[in-house]
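The sequence and structure come first.

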Amino acid sequence: MKKIFKAIIIAITVFPLLISCDKGFDEMNVNPIALTAVEPAYQLNTTIVNSAPAYGNLSYETTIVKQMITPFSGQGSAANFNQDNRGVTSGNWTTFYRGIIKELTDVVAKTKDDANRTNLYNMARIWRAYGFMILTDTYGNVPYSEAGKGFLEGNTGPAYDNQESIYSDILNELETASASLDASKPLVASDVLYGGDVAKWKRLGNSLLLRAAMRLSKVNPTKAAEYVAKAVAGGLMQSNRDNAMIRHTASFTNPVGSSLNGGQSAFFYLDKEFVDYLVVNNDPRLASIAVRYVGAQSGADQVESKANRNVAVQIGMPQGYDNTTISKDVAEKKLASLWDYSQLDKTRMAALTAPSFLVTYAQTQLLLAEAVFRKWATGDAATLYTAGIRSHMEQLADYGAATAVPEANIAAYLAAHPLTAGKELQEINTQYWVACFLVGQEAFANFRRSNFPVLTPNPYPGSDLKTEPFIRRLTYTDAELNVNHDNVQKAIAQQGLDLLDTRVWWDKK
């Protein structure tokens, strides 16, 4: 005991500062290089890059609209078998609600009252509206007015808003934010979409306003027409140079490309109905999209020496089979194996550095063509229809020279496929389906809204669908059902059962 006291006395004598005062103690324990605040312009860029369609988009949205398909089960079982796999349906929730919306809510709060950052403020509002459109289109009722405020207000159990009120505010946000952008105010030069070009951001905002307005075509055509007029008056995208496109790099790779060049390289194939549509119509875009590893006996056998990109040899994989029962179709088509069907070319459109398209001039022209046909805007629907097809074909050059569609092929296709009287809605929205290839969320939303293209339901036995031939929404996450149980149950009571075949508000029969 004496030795212990002696040690304490020595410590007090030799190191008096340790107990005599704590001046400077807090400063000494602060990491001098740690982040104490995040630059809001950087947050906006992060949300834009993170908006690129990812692997879950292949498993559900792109498969529901019959552009892609996998016959494999297990963790990837999803729309290929019309099954409710909540480990995959959570994809948009995790990406947008937990990440993008939280970041953008913070950006909006930081910049709202800063006169020098009005452009950043309104850009964030536009992109936040885009994120919320994907969320509500995917799930229906979601947290909106209280979303993303866990850090700001301590609200960790936000209430769910109904989709009608969400869309009402999205329309207002897009209209007012787009109109409030001002080139005379400080620009956001670091912006990854347009380098701070206010005119392009305005056109993006108004093009999204057109998209949001058209969502209401079945449920509230009067309001749809009102906001179509506002979008057109505000100014829409004018060319492919206005496309909202993420240019991926070796450091920030394309999420779909990363999957298809990695562990999922042999899992996904082009759907038979998509390939057949392009083949029957002699569509030159198939040559940019497809590759078939002729004679492949396995995934490892899908090598460049077997690659054939000739349109004449492409064969899409039908839905309704798994990796065992598909042998019937393999035998009928005299293929070497299931690995012998056509795929999205992972060296071109699904390359690691391939761009991701989010909102495009082609989509905008086609939506405007429909709006004109409905007499919600002035113009010539046939001319806009042709412009939409042309611009999507020209857009493919942004993937690289090997994907570019020759001008002669574009001209020949357009000459052979004018807009047909009496079939306007079907043809416009079927072309929209093609123009949304790889943008699964938008292809799925417009398929439900327009009821086009006319597709055959997936006949796989044992479907989780109870009342509908096609999936109409994705289900809430198990985590949300646990941590925000009461609010989720209120949303379900208002919207309908938490099933794949429950329709969202604007998807009226």
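## Basis

This is a predicted model, in which local features need pLDDT of at least 70 and side-chain atom pairs count only at pLDDT 80 or more, while totals for chains, interfaces and linings use all residues. Residues are numbered from 1 along each chain as its sequence is written, and side-chain values use heavy atoms, with hydrogens and water left out.

## T136

T136 sits in helix α9, residues 118–139; helices are DSSP runs of H or I with at least four residues, numbered from the N terminus. T136 has a relative accessible area of 0% and is therefore buried (under 20% relative accessible area, 1.4 Å probe, protein chains only).

A polar atom of the T136 side chain is 2.7 Å from the backbone oxygen of G140. Leaving aside residues up to four places away in sequence, T136 touches V142, Q163, I166, Y167 and V504, where contact means heavy atoms within 4.5 Å.

## Helix α21 and its partners

Two packed helices are described by the angle between their axes and the distance between the axes. Axes are lines fitted to C-alpha atoms over the stretch in contact, and angles run from 0 to 180 degrees between N-to-C directions. Helix α19 (residues 381–395) packs on helix α21 (residues 424–435) at about 15°, with the axes 10 Å apart. The two are therefore roughly parallel (angles under 35 degrees). On α19 the contact involves Y385, I389 and H392, and on α21 E427, I428, Q431, V434 and A435. By class this contact has five nonpolar, two polar and one charged residues; Ala, Val, Leu, Ile, Met, Phe, Trp, Tyr, Cys and Pro count as nonpolar, Asp, Glu, Lys and Arg as charged, and the others, Gly among them, as polar.

Helix α15 (residues 272–280) packs against α21 at about 115°, with an axis separation of 12 Å. α15 is therefore roughly perpendicular to α21 (65 to 115 degrees). E273, F274, Y277 and L278 of α15 meet T430, Q431, W433 and V434 of α21.

## Helices α12 and α13

Helix α12 (residues 198–214) and helix α13 (residues 221–234) pack at about 165°, their axes 8 Å apart. They are therefore roughly antiparallel (over 145 degrees). From α12, N206, L209, L210, A213 and M214 meet A224, Y227, V228, K230, A231 and G234 of α13. This contact has eight nonpolar, two polar and one charged residues.

Methods. Buried < 20%, exposed > 50% of the residue type's maximum accessible area, 1.4 Å probe, protein only. Polar contact = N/O pair within 3.5 Å; in protein donor to acceptor, adjacent residues only side chain to side chain.
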